[in-house]
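The entries below follow the order in which I looked things up.

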Amino acid sequence: MTPPRLQLIEQIFHSALDREPAQIGAFLDTACAGDKLLRCKVETLLALQKQVGGFLETPAVIVAAKILENAQPDLLVGQRIGHYELSQRIGAGGMGEVYLATDLTAGRKAAVKLLPARFTGDAERLKRFAREARAVVALNHPNILTIYEIGEDRSTHYIASELIDGETLRQRVERESMETEEALDVAIQVASALVAAHEAEIVHRDIKPENIMLRPDGYVKVLDFGIAKLAEQEVPPKLSEESAVSLVETHLGSIFGTARYMSPEQVLGEAVDKRTDIWSLGVALYEMVARRAPFSGETVGEMMTSILEKEPPPLTNHSGQIPAELEQIIKRALRRERDERYQSAGELLDGLKGVRQRMAWSAESKSFAASPAERHWTRSPAAVVLMVLVAALALALPFLSHRN
């Protein structure tokens, strides 16, 4: 990040602060001129300023430098990390930069995530992550992103994985509404991935639409198993001025997108377990079928307060087409007390499959009932006689064939 770029972020940020909230969106459309990364940085600063007030009286250029201090520069394009040649940056976030790369050894395309130095600089934390990462690599499941390797090159730690052709669940829900059947199918595949991971004693910790990829062939892939453990630490519900810089350094880029899916135990800084993933999947499923999040807030603190104190609006408020049984499943997944939730991903998976099966039966029954002509034909005496003859012939064929 060059000084002119940082100065541009500061300039746009302060100009946005001088405008009414309703005017900021249109202003950023013009000021950022389609530069999505620039707009993302400015919006992040605006969100943080709203949350911690006077903290951002510090020059925004300093804060922007902190936000990006661990980001990999675009100069990495064309360079080699291990035996991977980086060709294009395809993603960026709090957990690292992602590049499209060519595996020069295997001769295949790959996605290479470069882990921020702030996570890998702690030897003990890195050691714990490496142990879990090896278990993730060993996972072999159609709904879990395949990890090729976890390596290090010149003090840069990276994860190389299969390259997914598709879109994130976030992109899908923002593009158009999802039918209940499609949402169920996605949830079933994610739950199936969680069953496999939990059997290997791996808790994801960060299930959210950004970590769920939808392939054009219908397969769902869950990303970043084990990655959240690298950054796991207590996140205070209420931020003080002193903790704001820490937030910038350790969570910016991921905390604003993750808070909505945090379980109550994560909000409280308690230890997580498999039921934490069940909660987060419940939030994502609610969002898919209701087309809105179950918990809301304009700041991270408000969001966390909502998670701890409020009940999600009934799904029937959003659509009368959502089966009551599915609503009960989501309610159970979102119980604040862990002992009241599903106790395993397998139990949740069985419930979701049961709803899908009953919906399929119901659709078939309605389709049959909607055809009076067919219903009349199957009830007619001639039809009954014909069906009896066909059944008798089917029983006699093996006997006749044996005699011949």
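I began with helix α8 (residues 180-199), which lies across β8 and β9 and runs at about 40° to β9. Axes here are lines fitted to C-alpha atoms, for helices over the stretch in contact, and angles run from 0 to 180 degrees between N-to-C directions. Helices (H or I, at least four residues) and strands (E, at least two) are DSSP runs, numbered from the N terminus.

The model is predicted: local features need pLDDT of at least 70, side-chain atom pairs count only at pLDDT 80 or more, and totals for chains, interfaces and linings use all residues. Residues are numbered from 1 along each chain as its sequence is written, and side-chain values use heavy atoms, without hydrogens and water.

Next I looked up the sheet. Three strands form an open, antiparallel sheet in the order β7-β8-β9. Its edge strands, each pairing on one side only, are β7 (167-168) and β9 (220-222). Two strands count as paired if DSSP finds at least two bridges between them; β8 (residues 212-214) and β9 have three. Met-213 has Lys-221 in β9 as its bridge partner.

I then checked the hairpin. β5 (residues 147-153) and β6 (residues 156-161) pair in the antiparallel sense over six bridges, with two residues between the strands. Arg-154 in the turn has a positive phi of about 50°. Gly-151 stands opposite Tyr-158 in β6.

Which residues touch the most other members of the largest nonpolar core? I found Val-186, Leu-285, Leu-326 and Leu-352, out of 69 residues. α8 gives the most to this core, twelve residues. Such a core is a set of buried Ala, Val, Leu, Ile, Met, Phe, Trp, Tyr and Cys residues joined through side-chain atoms within 4.5 Å, where buried means under 20% relative accessible area (1.4 Å probe, protein chains only).

Not counting residues up to four places away in sequence, Leu-326 touches Thr-180, Leu-184, Leu-285, Val-289, Leu-352 and Val-355; contact means heavy atoms within 4.5 Å. Another core, of twelve residues, lies apart from the largest one and includes Phe-27, Cys-32, Leu-45 and Leu-46.

Last, I looked at α13 and α15. They pack at an angle of about 140°, with their axes 8 Å apart.

Notes: Buried < 20%, exposed > 50% of the residue type's maximum accessible area, 1.4 Å probe, protein only.
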